[in-house]
Amino acid sequence: MPERRDTDLLFKALADPSRRKLLDLLHAHDGRTLSELCEHLDMTRQAVTQHLDVLVTANLVATVRRGREKLHFLNPVPLQEIYERWIAKFETRRLKALDNLKRRLEKTNG
Amino acid sequence: MARSTFVYVTYIRTTPEQLWSALTDKEFMKQYWFGSHCESEWTAGSPWKLVSGDGVALDAGEIVEADPPRRLVIRWRHQSKPELAVEGDSRCTMELEPTGTAVKLSITHTIEREPSKLIAAVSGGWPKVISNLKSLLETGSIALRDPYPVEKAG
């Protein structure tokens, strides 16, 4: 079933702190080259390339060639699909109230 | 020159021809674009506009390139909000590429300024529109009826 495979790839791609950091970096500033991304990560260029490949396969990152450069863009479309499939239908309002409570309590404790 | 761009990509299990007609058919578009639709002849040089459900022209411009069912380029300028309209022309490129059983739809929206309020504004809307389009073409029904369901529920 292709749909299930897409979802598996997506959650596997998200299940890694370095890949989530790459998504955050692109969210802060989209359209970066591999070298620009490497500056923010404490790992080899090859490791960053491998993480980016996983994100591209999951369609969370799209690449565009501009001259000799390859630019990486955050593609939020699969995240929107996760939102609709896994969050919106589970009573967002009550979850938000719980999330606010958690944040408030953790702030006072910290 | 500074430039703001976003690139959104989705894979839709359909044919390029069907996807092209979904992107250009006025009545079909209303189903996934939250009641809005585009008006155009969809040939190079013809005027283009995006009209809301209550008849307000939100954006307008012209078709720069039309190569059905492969590539569509629109010169796109916002009309209704002054702070977005003042940014001038942007360019929206839609590319349709068959990949096995699906079609890869890439939407690139660019404006020659950084930062851009227009790009920030449209980038919030596109994922919802594209996700609805995918869902409508693949399953026959849309995922979201309302673009901002959480806010309105509150």
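In strand 7 (residues 102-111) of chain B, B:Leu105 is the bridge partner of B:Thr10. Helices (H or I, at least four residues) and strands (E, at least two) are DSSP runs, numbered from the N terminus, and two strands pair if DSSP finds at least two bridges between them. The model is predicted, so local features need pLDDT of at least 70 and side-chain atom pairs count only at pLDDT 80 or more, while totals for chains, interfaces and linings use all residues. Residues are numbered from 1 along each chain as its sequence is written, and chains are lettered from A and ligands numbered from 1 in the order in which they are written.

Strand 7 of chain B pairs in the antiparallel sense with strand 1 (residues 4-12) of chain B over nine bridges. Strand 6 (residues 90-99) of chain B also runs antiparallel to strand 7 of chain B, and nine bridges join them. Here B:Pro98 has B:Val103 as its bridge partner. Strand 6 and strand 7 of chain B form a hairpin with two residues between the strands, in which B:Gly100 takes a positive phi near 65°. In a regular strand the side chains alternate between the two faces of the sheet. A residue is buried if 20 or more other C-beta atoms lie within 10 Å of its own, exposed if 12 or fewer, and partly exposed in between, with C-beta atoms placed from the backbone.

B:Val9 has its place in strand 1 of chain B. This residue is buried, with 22 other C-beta atoms within 10 Å. Leaving aside its neighbours within four places in sequence, B:Val9 is in contact with A:Asn59, A:Ala62, A:Asn75, A:Val77, B:Lys104 and B:Ser106. Two residues are in contact if their C-beta atoms, placed from the backbone, lie within 7 Å. The contact takes 18 residues from chain B and 15 residues from chain A. Strand 1 of chain B gives the largest share of the side of chain B that touches chain A, seven residues. The residues of this side divide into 12 nonpolar, five polar and one charged. Ala, Val, Leu, Ile, Met, Phe, Trp, Tyr, Cys and Pro count as nonpolar, Asp, Glu, Lys and Arg as charged, and the others, Gly among them, as polar.

In chain A, strand 1 (residues 61-66) and strand 2 (residues 69-74) pair in the antiparallel sense over six bridges. A:Arg65 stands opposite A:Lys70 in strand 2 of chain A. The two strands form a hairpin with two residues between them, and A:Gly67 in the turn has a positive phi of about 65°.

Helix 4 (residues 45-57) of chain A has 13 residues and reaches 18 Å from its first C-alpha to its last, close to the 18 Å expected at 1.5 Å a residue. The expected span of a helix is 1.5 Å times one less than its number of residues. The buried residues of helix 4 of chain A are A:His51, A:Leu52 and A:Leu55. They cover an arc of only 100° around the axis, which puts them on the same side of helix 4 of chain A. The arc is that of the directions from the helix axis to the C-beta atoms. On the other side of this helix, A:Gln46, A:Thr49 and A:Asp53 are exposed. A:Asn59 lies in the loop between helix 4 and strand 1 of chain A. Phi of A:Asn59 is near 65°, a positive value in a residue other than glycine, and A:Asn59 is partly exposed, with 19 other C-beta atoms within 10 Å.

The largest nonpolar core has 41 residues, and A:Leu55, A:Val61, B:Tyr8, B:Leu19, B:Leu105 and B:Ile130 touch the most other members. Helix 4 (residues 117-139) of chain B gives the most to this core, with six residues. A nonpolar core is a set of buried Ala, Val, Leu, Ile, Met, Phe, Trp, Tyr and Cys residues joined through C-beta atoms within 7 Å.

Two cis peptide bonds can be described in chain B. One joins B:Pro68 and B:Pro69, with omega about -5°. The other runs from B:Glu114 to B:Pro115, with omega near -5°.
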